[in-house]
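Please look over the sequence and the model below before reading on. The report that follows takes up a few parts in turn and then turns to the whole.

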Amino acid sequence: MLTAVYGSLEAGLIYAIMALGVYLSFRILDFPDLTVDGSFVTGAAVAAVMIIDGAHPVMATIAGMIVGFLAGILTGILHSYGKINPLLSGILMMIALYSINLRIMGKSNVSLLQEETLFSKLADAMAPIDQAVKSVISFSPTTWSVIITMVLLVAFLKLILDYFLKTEIGLAIRAVGDNEEMIKSFSANTNFLKVLGLGLSNGLVALSGALVAQYNGFSDANMGIGMIVIGLASVIIGEAIVGSKTIVRATLAVIIGAVIYRFIVAFAFRFNFFETGDIKLITASIVILALIIPRYFEKRREKKRKLARKRGEQVASAKTHS
């Protein structure tokens with residue numbers, strides 16, 4: 001059980017980076033970007049191939065993020081300058097990336113089990129710390145390297161994103177998502193802002209893909225299927241629990257939502273009823289519940305407010321007539 005908990009925490013932190021990218025496109029830009037399913041694999045494919053070719057894992061991970069950034073830019077260009085529907089531009093790029101990813105890998109699956117990855121190097125470097133912790137805490141994970149590294153990386157990316165969205169260009173990107181016509185009236189280049197925002201979004205998604213490939217020990221052409229739904233589930237769950245009144249709170253909510261989502265999936269697989277192939281069904285069910293339940297409670301709260309207001313009016317009316 002504890003192994004599943006630690007594994008869910010590790011995976012949740014890695015996928016939280018992808019969820020931040022989805023938050024940037026769906027919530028900030030209000031852009032339904034399906035490029036995510038393709039750019040996630042692109043980051044994994046580029047990182048895996050470069051590691052096999054002898055590149056340092058850090059450089060391979062950064063390269064995967066850059067290629068994902070370029071994929072997002074192409075989606076933005078298709079929509080902004082090619083005047084293609086937002087949903088369709090993402091679908092077209094996702095389809096194109098499937099073939100591109102196969103070209104990058106040369107086959108449908110690339111194994112990293114025999115290669116030095118970012119996490120294996122960190123595990124070797126932190127071996128003394130792990131041994132010291134295990135001598136004190138018997139139920140500690142096999143290695144703390146993944147959890148510690150991902151906590152620091154996710155916190156760093158969150159702070160950078162929070163700061164960026166409060167800068168002049170970040171505020172302009174937020175304005176494009178809120179009211180594009182208004183920001184146009186201020187002579188802002190909305191096309192450039194959309195392209196930049198989608199590039200940053202898919203850069204984060206690809207970074208997550210590169211880390212997932214090294215964490216799992218392989219890159220697969222189909223590993224990105226349904227990734228957009230997982231990202232949305234993380235965003236919706238986090239916002240339902242933590243809220244999203246400010247940018248700082250919203251990005252924190254996304255991270256927490258990604259971790260909670262992984263815990264829910266791990267808990268679901270504790271039941272013998274579910275099989276490995278049911279992961280997409282579980283994800284869809286989580287998203288449906290996360291969308292319906294908050295609305296149900298909101299309607300109940302609104303009904304109570306109306307009843308309280310009606311009672312108050314009746315009491316006031318009675319006092320007036322008396």
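## Helix 10

In this predicted model, helix 10 covers residues 190-216, and its 27 residues reach 39 Å from the first C-alpha to the last, which is close to the 39 Å expected at 1.5 Å a residue. The helix is mostly covered, since 23 of its 27 residues are buried. Following helix 10 comes glycine 217, and the phi of this glycine is positive, near 90°.

## Helix 2 beside helix 4

Two packed helices are described by the angle between their axes and the distance between the axes. For helix 2, residues 36-52, and helix 4, residues 86-105, the axes come within 9 Å and cross at roughly 10°. Because angles under 35 degrees count as roughly parallel, helix 2 is roughly parallel to helix 4.

Which residues of helix 2 and helix 4 meet? On the side of helix 2 they are Asp37, Gly38, Ser39, Val41, Thr42, Ala45, Val46 and Val49, while helix 4 contributes Met94, Leu97, Asn101, Ile104 and Met105. Sorted by kind, the residues of this contact between helix 2 and helix 4 divide into eight nonpolar, four polar and one charged.

## Aspartate 37

Is aspartate 37 buried or exposed? Its relative accessibility is 15%, and because buried means under 20% relative accessible area, aspartate 37 counts as buried.

The side chain of aspartate 37 has a polar atom 3.3 Å from the backbone nitrogen of glycine 226, and a polar atom of this side chain also lies 2.9 Å from the backbone nitrogen of isoleucine 228. If neighbours within four places in sequence are left aside, aspartate 37 is in contact with Met94, Gly224, Ile225, Gly226, Met227 and Ile228.

## The whole protein

Of the 322 residues of the protein, 46% count as buried.

How do the contacts run along the sequence, and what percentage of them join residues at least 24 apart? Among contacts between residues at least 6 apart in sequence, 75% join residues at least 24 apart.

Key
Residues numbered from 1 in each chain as written. Predicted model: local features only at pLDDT ≥ 70, side-chain atom pairs only at ≥ 80, totals over all residues. Heavy atoms only, no water. Axes fitted to C-alpha atoms, helices over the stretch in contact; angles between N-to-C directions. Helix = DSSP H or I, 4+ residues; strand = E, 2+ residues; numbered from the N terminus. Parallel < 35°, antiparallel > 145°, perpendicular 65-115°, else oblique. Contact = heavy atoms within 4.5 Å. Nonpolar A, V, L, I, M, F, W, Y, C, P; charged D, E, K, R; others polar. Expected span 1.5 Å × (residues − 1). Buried < 20%, exposed > 50% of the residue type's maximum accessible area, 1.4 Å probe, protein only. Polar contact = N/O pair within 3.5 Å; in protein donor to acceptor, adjacent residues only side chain to side chain.
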